[in-house]
Amino acid sequence: MTCKEAERLVMPYINDELTDEELSEFLEHMESCPDCREELEIYFTVDVGIRQLDSETGNYNIKGALEATIEQSRQRLQVIRCIKIARYAVATVSVMALFFTVLLQCRIWLQWGLL
């Protein structure tokens, strides 16, 4: 992901509008690019600050809120990866079960002289 693409995704990230693939690439870029990370911090600070003023909440640890948001995003991606792995495992076991069922059925048919 280029810096231009990452900059374009800052507000969609803050508004939680990124797809899982975009989110993964965005977080990876933010970890490796201090300039884009700084821009994310600025936009996040402004956005969260305005929201807090509107809602009159007293939490002013905006940097901590950004870190918490990034950590939640990472956890979300980890859960998605685990679900994908589980889905592949279930699909593999299902195909293997089907194969062995057909194999055993063919064996039965051979014993009965149906094949």
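Trainee: How many helices and how many strands does the chain have?
Mentor: This is a predicted model, and its chain has 5 helices and 0 strands. In sequence order the pattern reads α-α-α-α-α.

Trainee: What is the radius of gyration of the chain, against that of a compact globule of 115 residues?
Mentor: The chain has 25 Å, whereas a compact globule of 115 residues would come to near 13 Å. The C-alpha trace spans about 80 × 35 × 15 Å along its principal axes.

Trainee: And what share of the residues counts as buried?
Mentor: Of the 115 residues, 23% are buried. The accessible surface of the chain is about 8,500 Å², with 61% of that area belonging to carbon and sulfur atoms.

Trainee: Among contacts with a separation of 6 or more, what percentage comes from residues 24 or more positions apart?
Mentor: Such pairs account for 60% of those contacts.

Trainee: Let us turn to helix 5. How many residues does it have, and how far does it reach?
Mentor: Helix 5 has 51 residues and covers 74 Å from its first C-alpha to its last. That is close to the 75 Å expected at 1.5 Å a residue.

Trainee: Which residues are buried in helix 5?
Mentor: They are Ile 62, Leu 66, Ile 70, Ser 73, Leu 77 and Ile 80.

Trainee: Why might residues three or four places apart in an α-helix point the same way?
Mentor: An α-helix has 3.6 residues a turn, so residues at that spacing face one direction.

Trainee: Ser 73 is on that list. What does its side chain make a polar contact with?
Mentor: The partner is the side chain of Tyr 13, at 3.0 Å. Beyond its neighbours within four places in sequence, Ser 73 is in contact with Tyr 13, Leu 23 and Leu 27.

Trainee: Why does Ser 73 count as buried?
Mentor: Its relative accessibility is 10%, and Ser 73 counts as buried because the cut-off is under 20%.

Trainee: What follows helix 5?
Mentor: Gly 113 does, and its phi is positive, near 75°.

Trainee: Which residue has a positive phi although it is not a glycine?
Mentor: Asp 16 has a phi of about 60°. Most residues other than glycine have a negative phi. Asp 16 sits in the loop between helix 2 (10-14) and helix 3.

Trainee: Is Asp 16 buried or exposed?
Mentor: Asp 16 is exposed, at 59% relative accessibility.

Trainee: Changing topic to the cysteines: how many disulfides does a search of the whole structure find?
Mentor: The search finds 0 disulfides. For Cys 33, the nearest cysteine sulfur belongs to Cys 36 and is 3.5 Å away. Cys 33 is therefore in no disulfide, since the two sulfur atoms of a disulfide must be within 2.5 Å.

Trainee: Is Cys 33 buried or exposed?
Mentor: Cys 33 is buried, with 11% relative accessibility. Cys 82, at 42%, counts as partly exposed.

Trainee: Where is Cys 3, and which residues is it in contact with?
Mentor: Cys 3 is in helix 1 (residues 3-8). Apart from neighbours within four places in sequence, Cys 3 is in contact with His 29, Cys 33 and Cys 36. Its relative accessible area is 33%, so Cys 3 is partly exposed.

Trainee: Now Arg 37. Which helix holds it, and is it buried or exposed?
Mentor: Arg 37 lies in helix 4 (residues 34-55). Arg 37 is buried, with a relative accessible area of 17%. Leaving aside neighbours within four places in sequence, Arg 37 is in contact with Met 30, Glu 67 and Ile 70. Ile 70 is itself one of the buried residues of helix 5.

Trainee: What about Thr 45; which backbone oxygen lies 2.6 Å from a polar atom of its side chain?
Mentor: That is the backbone oxygen of Glu 41. Thr 45 is also in helix 4 and is partly exposed, at 39% relative accessibility.

Trainee: Lastly, where is Ser 32?
Mentor: Ser 32 is in helix 3 (residues 20-32) and is exposed, with a relative accessible area of 56%.

Methods
Residues are numbered from 1 along each chain as its sequence is written. This is a predicted model: local features need pLDDT of at least 70, side-chain atom pairs count only at pLDDT 80 or more; totals for chains, interfaces and linings use all residues. Side-chain values use heavy atoms; hydrogens and water are left out. Buried means under 20% relative accessible area, exposed over 50%, partly exposed in between (1.4 Å probe, protein chains only). A polar contact is a pair of N or O atoms within 3.5 Å; within protein, one must be able to donate a hydrogen and the other to accept it, and residues adjacent in sequence count only if both atoms are side-chain atoms. Contact means heavy atoms within 4.5 Å. Helices (H or I, at least four residues) and strands (E, at least two) are DSSP runs, numbered from the N terminus. The expected span of a helix is 1.5 Å times one less than its number of residues. The radius of gyration is taken over C-alpha atoms; the globule rule is 2.2 Å times the number of residues to the power 0.38. Accessible areas come from the Shrake-Rupley method with a 1.4 Å probe; for residues, only the protein chains shown count as cover.
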